[in-house]
Amino acid sequence: MNRQLVQSLSLFRSLSSSNKVHRFQSVNSFQHQFHPRFNLRKYSIMSKPTVVFVLGGPGAGKGTQCENIVKKYEFVHLSAGDLLRAEMNSGSSNGDMISAMIKEGKIVPSVVTVRLLDEAMKKSGKNKFLIDGFPRNQENNQSWEKEMGDKVDFKFVLFMECPEEVLEERLLKRGVNSGRSDDNIESIRKRFFTFKESTIPIKEYYQAKNQSVSIDGNRTIDQVWQDIQDQFEKRGIASAL
């Protein structure tokens with residue numbers, strides 16, 4: 001895109017964010033005044049934010065590899081769980097509702113999580129997002145597709161595969177120093193059951209659409225990372241380094 005087009009787009013965004021774009025009767029009148037050959041509607045479609053989901057069993061190494069992806073490909077890492085916890089601690093009415101539901105053992109509606117993700121994406125000012133630990137079940141996925149399907153350029157699910165006995169060993173070792181209440185054998189096995197019942201169908205759903213990439217997580221960190229890089233570049237996501 002040449003310099004003049006970039007300047008036109010920047011001005012349009014600035015006016016939009018300050019509610020001054022009403023001076024123009026439409027996007028078309030804006031583009032005629034500032035750059036008649038620049039199709040802002042087409043650019044808007046082309047610039048939908050890129051999204052990759054990262055899923056895998058507890059202890060599969062998602063966090064480690066997300067850090068690598070953020071550094072090399074300049075993605076913004078969003079954790080659905082972190083966003084829910086942050087909202088709970090914010091003192092907002094929405095946060096109070098989330099906190100109350102969790103205390104009562106109820107499931108927070110998927111649409112709440114999706115809207116938190118949407119808001120975080122908008123606030124970031126960036127255009128590439130790695131969404132970790134979401135969607136966890138079919139309801140999550142349906143809400144995502146309903147709310148966000150037309151707003152983003154969804155690429156694929158990066159699915160970290162690892163045998164359950166290896167995951168169990170990793171989590172028990174982590175539990176020695178993590179202080180996490182769920183890093184004990186009883187909680188770990190419950191999490192495995194939930195993962196198999198709820199999250200594996202998400203992998204199968206995206207496999208059927210050729211939008212699932214499976215990674216063997218039962219290797220060294222460097223070997224797993226090399227495989228992820230190969231898959232990203234194979235699917236047209238170039239390094240930012």
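Reader: Which residues does Lys-62 touch, not counting those up to four places away in sequence?

Author: This is a predicted model: local features need pLDDT of at least 70, side-chain atom pairs count only at pLDDT 80 or more, and totals for chains, interfaces and linings use all residues. Residues are numbered from 1 along each chain as its sequence is written; side-chain values use heavy atoms, with hydrogens and water left out. Contact means heavy atoms within 4.5 Å. With residues up to four places away left out, Lys-62 touches Val-54, Leu-55, Gly-56, Gly-57, Asp-132 and Met-160.

Reader: How far from Lys-62 is the nearest side chain of opposite charge?

Author: Lys and Arg count as positive and Asp and Glu as negative, while His and the chain ends are not counted. Lys-62 is buried (under 20% relative accessible area; exposed is over 50%, partly exposed in between; 1.4 Å probe, protein chains only). Lys-62 has no salt bridge (a side-chain nitrogen of Lys or Arg within 4 Å of a carboxyl oxygen of Asp or Glu). The nearest side chain of opposite charge is that of Asp-132, at 5.1 Å.

Reader: Which backbone oxygen does the side chain of Lys-62 reach at 3.1 Å?

Author: A polar contact is a pair of N or O atoms within 3.5 Å; within protein, one must be able to donate a hydrogen and the other to accept it, and residues adjacent in sequence count only if both atoms are side-chain atoms. The backbone oxygen of Gly-57 lies 3.2 Å from a polar atom of the Lys-62 side chain. At 3.1 Å, the side chain reaches the backbone oxygen of Gly-56.

Reader: Which residues of helix H6 are buried?

Author: Helix H6 spans residues 93-103. Seen down the axis, its buried residues fall within an arc of 165 degrees, so they line one face (the arc is that of the directions from the helix axis to the C-beta atoms). The face turned away from the buried side carries exposed Ser-93 and Lys-103. The buried residues are Gly-95, Ile-98, Ser-99 and Met-101.

Reader: How many residues apart in sequence are the parts that Arg-115 and Glu-147 tie together?

Author: Arg-115 forms a salt bridge with Glu-147, with the closest N and O atoms 3.2 Å apart. Arg-115 lies in helix H7 and Glu-147 in helix H8, so the pair ties together parts whose separation in sequence is 32 residues.

Reader: Which residues are linked with Asp-118 in a network of salt bridges?

Author: Lys-122 forms a salt bridge with Asp-118, the closest N and O atoms being 3.5 Å apart. Both lie in helix H7, 4 residues apart, about one turn of the helix. Asp-118 is buried at 12% relative accessibility, whereas Lys-122 is exposed at 61%. The network links Asp-118 with Lys-122 and Lys-151.

Reader: What percentage of the residues in the protein are buried?

Author: The protein has 11 helices and 5 strands. Of its 241 residues, the buried ones make up 39%.

Definitions and conventions
Helix = DSSP H or I, 4+ residues; strand = E, 2+ residues; numbered from the N terminus.
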